[in-house]
Amino acid sequence: MSNTEGSAGQAEISALRELEAALGRLIQELTLTRGRASEAEAKSAELAEIVKRFTGDEGEAGRLLTRLQSLEAENADLRARFDRGRQGVERLLARIKFLEEQR
């Protein structure tokens with residue numbers, strides 16, 4: 001019986017390590033995505049200023065700025081989702097570490 005229990009324990013440890021590695025990759029991807037979102041926000045602000053300076057048609061400038069604000073709101077929503085996802089991943093990692101310490 002101890003051999004079967006040992007195999008099951010090794011399989012669990014292996015699975016936990018794979019899960020931890022996958023979660024690490026997910027955190028890395030979330031970090032990269034957050035950086036890209038920050039760059040997009042900066043470019044968006046720059047474009048808004050350019051549109052204000054160079055658009056002769058106030059209506060067009062207004063439409064572009066409205067679209068820009070919509071995209072910024074969407075970006076904020078996505079950031080919040082990423083933050084919630086990151087928190088979930090961090091909780092899972094804490095659980096994995098706890099389980100590994102129990103062995």
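Is Glu29 buried, exposed or partly exposed? Glu29 is partly exposed, with a relative accessible area of 40%. Here buried means under 20% relative accessible area, exposed means over 50%, and partly exposed lies in between (1.4 Å probe, protein chains only).

This is a predicted model, in which local features need pLDDT of at least 70 and side-chain atom pairs count only at pLDDT 80 or more, while totals for chains, interfaces and linings use all residues. Residues are numbered from 1 along each chain as its sequence is written, and side-chain values use heavy atoms, with hydrogens and water left out.

**Overall picture**

- The protein has two helices and zero strands. Helices (H or I, at least four residues) and strands (E, at least two) are DSSP runs, numbered from the N terminus.
- Of the 103 residues in the protein, 17% are buried.
- The accessible surface of the protein is about 7,800 Å². Carbon and sulfur atoms hold 55% of that surface. Accessible areas come from the Shrake-Rupley method with a 1.4 Å probe; for residues, only the protein chains shown count as cover.
- Take the contacts in the protein with a separation of 6 or more: 81% of them join residues 24 or more positions apart. Contact means heavy atoms within 4.5 Å.

**Salt bridges**

- The whole structure holds four salt bridges. A salt bridge is a side-chain nitrogen of Lys or Arg within 4 Å of a carboxyl oxygen of Asp or Glu.
- Side chains of opposite charge can pair when their charged atoms come close.
- One of the bridges joins Glu29 and Arg36, at 3.5 Å from N to O. Arg36 is partly exposed, at 46% relative accessible area.
- Another joins Arg79 and Glu41, whose closest N and O atoms are 3.3 Å apart. Arg79 lies in helix α2 (residues 58-102) and Glu41 in helix α1, so this pair ties together parts that are 38 residues apart in sequence. Glu41 is partly exposed, with a relative accessible area of 31%.
- Arg81 and Asp77 also form a salt bridge, at 3.2 Å from N to O. Both residues lie in helix α2, four residues apart, about one turn of the helix. Asp77 is partly exposed, at 35% relative accessibility.

**A buried charge**

- Arg86 lies in helix α2. Arg86 is buried yet has no salt bridge.
- Lys and Arg count as positive and Asp and Glu as negative; His and the chain ends are not counted.
- Arg86 is in contact with Ile27, Leu30 and Thr31, leaving aside neighbours within four places in sequence.

- Ser44 is in helix α1. Ser44 is buried, with a relative accessible area of 10%.
- Leaving out residues up to four places away in sequence, Ser44 touches Leu68 and Glu72. The C-alpha atoms of Ser44 and Glu72 are 8.1 Å apart, although 28 residues separate the two in sequence.
- Ala45 is also found in helix α1. Ala45 is partly exposed, at 45% relative accessible area.
- From Ala45 to Leu68, 23 residues along the chain, the C-alpha separation is 8.7 Å.

**A nonpolar patch**

- Leu47, Ile50 and Phe54 form a nonpolar patch on the surface. Together they have about 320 Å² of accessible area.
- Patches are made of residues with over 30% relative accessible area and no salt bridge: like charges are joined within 9 Å, nonpolar side chains (Val, Leu, Ile, Met, Phe, Trp, Tyr) within 5 Å.
- Leu47 lies in helix α1 (residues 2-54). Leu47 counts as exposed, because its relative accessibility is 52%.
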